[in-house]
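Reader: I am new to this model. Please walk me through how to read it, one feature at a time.

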Amino acid sequence: MKETFDSGRNLCIFMFIVLGNYFSLFGFLHASKAESLFNESKADDAKSEARKAKLWAFWGLIPSTIINVAILYLLCMAAWRLGQNLLKNLHMFNL
């Protein structure tokens, strides 16, 4: 029976896709390295890399949340200004 090993890959994918954590991609690299180390029977090194992957997945939530909020703010401001210009142009044509 083969031993199971959690490299943190699924956690990194979840954090990237669902929560928009860009920094979990660094964790994804560590998870890949952890899996290859585990397959080479280097369990201690694999666990260390898996721990790094999980840390990147959670730690990255802080800066990526700030980045995502800034992007949303800029998009909302651009939509607001575009909407104002559209309303101004519609008023000019008495629609």
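Author: Start with the secondary structure. This is a predicted model. The chain has four helices and zero strands. From the N terminus on, the order is α-α-α-α.

Reader: What radius of gyration does the chain have, and what would a compact globule have?

Author: Set the value beside the one for a globule. A compact globule of 95 residues would have a radius of gyration near 12 Å. The chain has 22 Å. Now take the spans along the principal axes. The C-alpha trace covers about 75 × 25 × 15 Å.

Reader: How many of the residues count as buried, in percent?

Author: Burial is read from relative accessible area, and under 20% counts as buried. Here 22% of the 95 residues are buried. The accessible surface of the chain is about 7300 Å². Carbon and sulfur atoms hold 69% of that surface.

Reader: Where do the contacts in the chain come from, in terms of separation?

Author: Take the contacts with a separation of 6 or more. Of these, 67% join residues 24 or more positions apart. Trp56 and Ser24 are 32 residues apart in sequence, yet their C-alpha atoms are 5.4 Å apart in space.

Reader: Where is Trp56, and which residues does Trp56 touch?

Author: Trp56 is in helix H3. Leave out residues up to four places away in sequence. Then Trp56 touches Asn21, Phe23, Ser24, Phe26, Gly27 and His30.

Reader: How many aromatic pairs does the structure hold?

Author: The structure holds five aromatic pairs. Read each pair by its centre distance and its plane angle. Phe23 and Phe26 form a tilted pair, with 6.4 Å centre to centre and 35° between the planes. Phe26 is partly exposed, at 42% relative accessibility. Trp56 and Trp59 form an edge-to-face pair. Their centres are 5.6 Å apart, with 90° between the planes.

Reader: Why are Trp56 and Trp59 separated by about one helical turn?

Author: Look at their spacing in sequence. Trp56 and Trp59 are three residues apart in helix H3, so about one helical turn separates them. Trp59 is partly exposed, at 46% relative accessibility.

Reader: Which residues form the aromatic cluster?

Author: Phe23, Phe26, Trp56 and Trp59 form one aromatic cluster.

Reader: Let us turn to single residues. Is Glu49 buried or exposed?

Author: Check its relative accessible area against the cut-off. Glu49 has 8%, so Glu49 is buried. Glu49 lies in helix H3. Beyond residues up to four places away in sequence, Glu49 touches His30, Lys33, Ala34 and Leu37.

Reader: Where is Phe38, and what is Phe38 in contact with?

Author: Phe38 is in helix H2. Setting aside neighbours within four places in sequence, Phe38 is in contact with Glu3, Phe5 and Ala46. Phe38 counts as buried, at 18% relative accessibility. Note the spacing to one of those contacts. Phe38 and Glu3 are 35 residues apart in sequence and 10.0 Å apart in space, C-alpha to C-alpha.

Reader: Is Asn68 buried or exposed?

Author: Apply the cut-off again. With a relative accessible area of 18%, Asn68 is buried. Asn68 is in helix H4, residues 61-92. Apart from neighbours within four places in sequence, Asn68 is in contact with Leu19, Gly20 and Tyr22.

Reader: What is phi of Ser41?

Author: First the general idea. Most residues other than glycine have a negative phi. Now the case here. Phi of Ser41 is near 65°, a positive value in a residue other than glycine. Ser41 is in the loop between helix H2 (24-39) and helix H3 (43-59). Ser41 is exposed, at 67% relative accessibility.

Reader: How many positive and negative side chains does the chain have?

Author: Count both sets, then compare their centres. The chain has 10 positive and 7 negative side chains. The centres of the two sets lie 13 Å apart.

Methods: Residues numbered from 1 in each chain as written. Predicted model: local features only at pLDDT ≥ 70, side-chain atom pairs only at ≥ 80, totals over all residues. Heavy atoms only, no water. Helix = DSSP H or I, 4+ residues; strand = E, 2+ residues; numbered from the N terminus. Buried < 20%, exposed > 50% of the residue type's maximum accessible area, 1.4 Å probe, protein only. Rg over C-alpha atoms; globule rule 2.2 N^0.38 Å. Contact = heavy atoms within 4.5 Å. Areas by Shrake-Rupley, 256 points an atom, 1.4 Å probe, with all protein chains shown as cover. Lys, Arg positive; Asp, Glu negative; His and termini not counted. Charge placed at Lys NZ, Arg CZ, Asp CG, Glu CD. Phe/Tyr/Trp six-rings, centres within 6.5 Å; stacked < 30°, edge-to-face > 60°.
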